[in-house]
Amino acid sequence: EFRRVLFRSALVRAKAEAVHATRMTAIICVGETQEERDAGKTLEVVTRQLAESVPEGSTHSGNTVIAYEPVWAIGSGRTATVEQVAEVHALMRRDLGGKVGDAGAVRLLYGGSMKPANARELLAVANVNGGLIGGASLKADDFLAIAAAVPPANNHWIWLPEEAKSPAFPPPSGIIPTDPP
């Protein structure tokens, strides 16, 4: 309901263009409602949202991240299946190819109730380059467990600020304790 009512695709596109103009990175979220999923319209909805939300011309892998966040999963504790995530992420990668020159390098995140229990499986899905972590980011142990689930060499990275680098608090495996590329 939130995305459908408050963030129509034209508004998302305008906000992404404004973010690009400031040389920052836009995170564009796409995803279907439960009604749309039940009606078999997930791919149609995500295709439309990408077409209408991602600005042409100003979008490239350095300034845009796309997150698949099924609306029905937000705050519900429910998560899309690995097969559902794979299908949507493959579609997003394909559709971005027609809009963005370096589409293969655009980071695609999954953001629907990722938790320590499902992070390893979700992060191993083709075309999933990381997670958009919501409620689990509020609990340090949960967030660190998700970070530890990041495959070591699968185009994933998590940046830790300088103050988080400490021998008393070593990063879990999979976290790169250096400045981002």
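I started with the sheet: it is open, has 4 strands in the order β1-β2-β3-β4, and the pairing is parallel. This is a predicted model, where local features need pLDDT of at least 70, side-chain atom pairs count only at pLDDT 80 or more, and totals for chains, interfaces and linings use all residues. Residues are numbered from 1 along each chain as its sequence is written, and side-chain values use heavy atoms, with hydrogens and water left out.

My terms: helices (H or I, at least four residues) and strands (E, at least two) are DSSP runs, numbered from the N terminus. Two strands pair if DSSP finds at least two bridges between them.

Which strands are at the edges? I found β1 (26–30) and β4, each pairing on one side only. Helix α2 (residues 9–21) packs on the sheet and touches β1 and β2 (contact means heavy atoms within 4.5 Å). Its direction makes about 165 degrees with that of β1 (axes are lines fitted to C-alpha atoms, for helices over the stretch in contact, and angles run from 0 to 180 degrees between N-to-C directions).

Next, the bridges. β1 and β2 run parallel, joined by 5 of them, and Val30 stands opposite Tyr68 in β2. Tyr68 also stands opposite Tyr110 in β3. I counted 4 bridges between β2 (residues 64–68) and β3 (residues 107–110).

From β2 the chain goes through helix α5 (residues 82–97) to β3, a right-handed β-α-β crossover (with the strands pointing away from the viewer, the path from the first strand over the helix to the second runs clockwise).

Last stop: β3 and β4 (residues 130–131) share 2 bridges, with Leu109 partnered by Gly130. Helix α6 (residues 116–123) makes a right-handed β-α-β unit with β3 and β4.
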